[in-house]
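Hello,

Here is the structure I promised to pass on to you.

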Amino acid sequence: MSSPTTDPIHDDRYEDGSSVMLTSSPDISVSTHHLSNARILMIDDEPLMIEVVKAFLEEAGYGEVIGCDDPSKAFSVIAAERPDALLLDLMMPGVSGFDVLEKVRATESLRYLPVIVLTAASDAATKLRVLGLGATDFLSKPVDSSELILRLRNTLAFKAYGDYLANYDGVTNLPNRNLFLKQLSLALRESQRENKHCALLHLNLDRFKVINDNYGNRIGDAVLRGVAERLRDCVRARDGMANMSANNEDSPVARINGDEFTVLLQELNQIDDAAGATRRIQRHMSRPFMIEGHQIYVDASIGIAAYPDDAREPEDLLHKAQAALSQAKAAGKNQFSFYAKDLHQRTQRRASLEQDLRGALERNEFMLHFQPKFDASLKIVGAEALIRWNHPQRGLVPPDKFIPLAEEIGLINPIGRWVLTRACAQAVHWFKKGHPIPVAVNVSSVQYEDPGLAQLVQAILKATGLPPNLLTLELTEGALMRDAQKAIEIMAMLKALGVNLSLDDFGTGYSSLAYIQHLSLDELKLDRSFIKNLPDDYSSVAIVRSVISLVKGLSLSMVAEGVETQQQLDFLVQEGCDCFQGFFFSKPVPAEAWNGLIGIS
Ligand code: C2E
Ligand code: CA
Ligand code: CA
């Protein structure tokens, strides 16, 4: 018990040797029988003995004590009554306590039933035989009331603890998969009786592995507890949650696997009501967790399956929610998806998009738009190249819709090569016209993991003749954090080519400030989610201020992304930000439209 871990089993709270472990874990008492609520069955051929023990127990506060004085019926009574503990007399005519014990232990569902054997015999052989058959404890006859109460209490405490371990997750105190399926089964029966809909949400944390890898399991566990708490909060707040059961005992939240949680929404009038609740959960999750001084962001993908429409059985419903989760994940991070009756249709749509994407390069359907970056004097100081797919039937497909797909099916490398080449060629064109405008290119994490990236960049610079200092590569935090050591090496190689490196979407990932110092960075781009609510939102203001001071401390430049209003700009200028990008200045536009912007014909 010396290793301090976050697991309550080994929690140092127990180091005092306290035998009542139950009180330290708040949720246990909710789920397991309070000791005095326990159901005790006593089997003894002497009715008087049963009466005496019953009196002792009732005196001690046990409300449910059942007696059976017919040993031949003992086993069927046990099976029917399902007691929490059995007091079993050893010497009985006909069927002995040994026989009963043997049969109990041989029965799957009774294997762990606590059995306290009552015996007048004090010889070692009898005791050994009883223990060998799996008795939990002994009690000598004549029964001493204090001893009875204590032995029973301890036995029940261990049973409660065993039940807890079998049914609860030790990290979050939420029901585990086992208990969840039982609760689900009851809930579905109730819904059937009342003719109501239920929605089962299957939630998976995006990138949880990255958190665990970078911060270690202790902080990972703390994040899981934080997630559990937010889910419980969401569920408790009834408004917007479409009449959820406010009864905490049947907590509709469970942790069913590593970073997978479930939430059951009951008593829905229509299944679409689940969408609002789901969005609300996602909103709650996207606020950062503050853990030991780290600001950690967690997004959740959620799959939703409906009772009775999608499935009527617990396992099946869970399975469908899982399938919906895969759908949600395929759509990107932080998404949710209903188990789709039109799943087939969507799968087909995706398949056809995939097929079209495979031919898009050859058919020359991609194009680049460029969005200007400005400094505080409103001078253009750079251009970000953003890819567009001009689909013959669907029209302009935005990158969010096809870049993840391209990454998944292995097309991102050729597409990325195309983008780099075109962007560099465009920058060379401007350069030759007397406008040395640095061009920024987004590099996907998949490209970034390719060891040939630096070589490719070098080859393209050479082929196009672009001076390296006019190229900026924008990398996202996720890509860098996946393998921190490798990231440092690859960035050094890129940096050696003379190009600029920018950290994109800053603030949405998990970079620790200490880590950023080790990267060969030139620029941070603060994600537009922090700009959006400026200057009124207090926490956005605080984040912007601290990032600006970080950037200054590290002598980096900072780009504020997604600047849409004069107020946002004014605030950022006042705080000392030196570079801006956003619709307030210009949307991304084709290269031709730049001629007017920078004054070339
Ligand atoms: P990003 O790198 O964060 O690019 C900025 C996105 O924000 C662009 O969306 C841009 O149109 C949008 N944006 C700029 N200013 C504003 C504003 O004021 N308000 C709002 N609401 N949005 C603004 P876009 O072009 O749809 O690109 C989305 C994402 O797709 C990009 O996010 C980037 O991650 C990815 N992407 C785009 N082009 C490429 C590419 O060539 N390669 C790779 N790997 N990813 C790309
Ligand atoms: Ca970018
Ligand atoms: Ca960005």
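Which charged end sits over the ring of phenylalanine 98? The group in question belongs to arginine 129, 3.7 Å from the centre of that ring. A lysine does something of this kind too: lysine 103 lies over the face of phenylalanine 75, and the distance to the ring centre is 4.5 Å. Please keep in mind as you read that this is a predicted model.

Five strands form an open sheet in the order 2-1-3-4-5, and their pairing is parallel. Strand 2 (64-68) and strand 5 (137-140) are the edge strands, each pairing on one side only. On average, neighbouring strands of this sheet are turned by 20° against each other, direction ignored. Strand 1 (residues 39-43) runs parallel to strand 2 and is joined to it by five bridges. If you want a place to start looking, arginine 39 stands opposite glutamate 64 in strand 2.

Helix 2 (residues 47-59) lies across strand 1, strand 2 and strand 3 (85-89), and runs at about 175° to strand 2. Helix 6 (residues 145-167) touches strand 1, strand 3, strand 4 (115-119) and strand 5, and its direction makes about 170° with that of strand 5.

Aspartate 505 is in strand 18 (residues 500-506), while glutamate 561 is in the loop between strand 20 (557-560) and helix 22 (566-575), so distant parts of the chain, 56 residues apart, are linked. Aspartate 505 counts as partly exposed, at 25% relative accessibility, whereas glutamate 561 is buried at 11%.

Finally, the aromatic rings. The whole structure holds 13 aromatic pairs. One of them joins tyrosine 297 and phenylalanine 530: the ring centres are 6.4 Å apart and the planes stand at 80°, so this pair is edge-to-face. Tyrosine 297 is in the loop between strand 10 (294-296) and strand 11 (299-307) and phenylalanine 530 in helix 20 (residues 528-531), so the pair ties together parts 233 residues apart in sequence. Tyrosine 297 is buried at 11% relative accessibility, and phenylalanine 530 is buried at 7%. Elsewhere on your tour, look for Phe366, Trp389, Phe402 and Trp418, which ring pairs link into a cluster.

Best wishes

Conventions. Residues are numbered from 1 along each chain as its sequence is written. Chains are lettered from A and ligands numbered from 1 in the order in which they are written. This is a predicted model: local features need pLDDT of at least 70, side-chain atom pairs count only at pLDDT 80 or more; totals for chains, interfaces and linings use all residues. Side-chain values use heavy atoms; hydrogens and water are left out. Two strands pair if DSSP finds at least two bridges between them. Helices (H or I, at least four residues) and strands (E, at least two) are DSSP runs, numbered from the N terminus. Axes are lines fitted to C-alpha atoms, for helices over the stretch in contact, and angles run from 0 to 180 degrees between N-to-C directions. Contact means heavy atoms within 4.5 Å. Buried means under 20% relative accessible area, exposed over 50%, partly exposed in between (1.4 Å probe, protein chains only). Rings of Phe, Tyr and Trp (its six-membered ring) pair if their centres lie within 6.5 Å; planes under 30 degrees apart count as stacked, over 60 as edge-to-face and the rest as tilted. A charge sits over a ring if NZ of Lys or CZ of Arg is within 6 Å of the ring centre and within 35 degrees of the ring normal.
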